[in-house]
Amino acid sequence: MRVFRISVLLFFFYLKAFGQTVNFHGRITDLRGNSLAFASVWISEVQAGSLTNEQGLYRLNLKPGIYTFSFRAPGYQPLFQTINIDGNDVNHNLQLYRIT
């Protein structure tokens, strides 16, 4: 019985130590504050990403670390940023510039 209890404790420790993710979210707008619907958010290191919704909002769950993001929307200059993801909740709002 003692081995079972220790195994259960180690299992929960494993889940807590290796199962933590950070909620990375934000809003993408243009210079006038208009939401950019269906803009893409791409993370090079994990080869994954997301699209913004109609309100320009996006949300990703990531493990803590340093990631290279690209934010793109048709007709706008792409934005590349390296961001350190730590903590429990990261809000990252940004603006894209229209291509002239």
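## Basis

Residues are numbered from 1 along each chain as its sequence is written, and side-chain values use heavy atoms, with hydrogens and water left out. Because the model is predicted, local features need pLDDT of at least 70 and side-chain atom pairs count only at pLDDT 80 or more, while totals for chains, interfaces and linings use all residues.

Strands are DSSP runs (E, at least two residues), numbered from the N terminus. His25 has a relative accessible area of 15% and is therefore buried (buried is under 20%, exposed over 50%, partly exposed in between, with a 1.4 Å probe and protein chains only). Asn23, at 18%, counts as buried too.

The His25 side chain makes a polar contact with the side chain of Asp89 at 3.0 Å. A polar contact is a pair of N or O atoms within 3.5 Å; within protein, one must be able to donate a hydrogen and the other to accept it, and residues adjacent in sequence count only if both atoms are side-chain atoms. Neighbours within four places in sequence aside, His25 is in contact (heavy atoms within 4.5 Å) with Tyr58, Arg59, Asp89, Val90, Asn91 and His92. With residues up to four places away again not counted, Asn23 touches Arg59, Leu60, Asn61, Asn88, Asp89 and Val90.

## Aromatic pairs

The whole structure holds five aromatic pairs. Rings of Phe, Tyr and Trp (its six-membered ring) pair if their centres lie within 6.5 Å; planes under 30 degrees apart count as stacked, over 60 as edge-to-face and the rest as tilted. The rings of Tyr58 and Phe71 have centres 6.2 Å apart and planes at 55°, so this pair is tilted. Tyr58 lies in strand β4 (residues 57-62) and Phe71 in strand β5 (residues 65-72), 13 residues apart.

Tyr58 is buried at 3% relative accessibility, and Phe71 is buried at 0%. Ring pairs join Phe24, Tyr58, Tyr67, Phe69 and Phe71 into a cluster.

## Nonpolar core

A nonpolar core is a set of buried Ala, Val, Leu, Ile, Met, Phe, Trp, Tyr and Cys residues joined through side-chain atoms within 4.5 Å. The largest one has 20 residues, of which Phe24, Ile28, Leu62, Phe69, Phe71, Ile85 and Leu96 touch the most other members. At least two residues of this core come from each of β1, β2 (40-43), β4, β5 and β6 (79-85).

Beyond four places in sequence, Leu62 touches Thr21, Val22, Phe24, Ile43, Tyr67, Phe69 and Ile85.

Definitions and conventions
Helix = DSSP H or I, 4+ residues; strand = E, 2+ residues; numbered from the N terminus.
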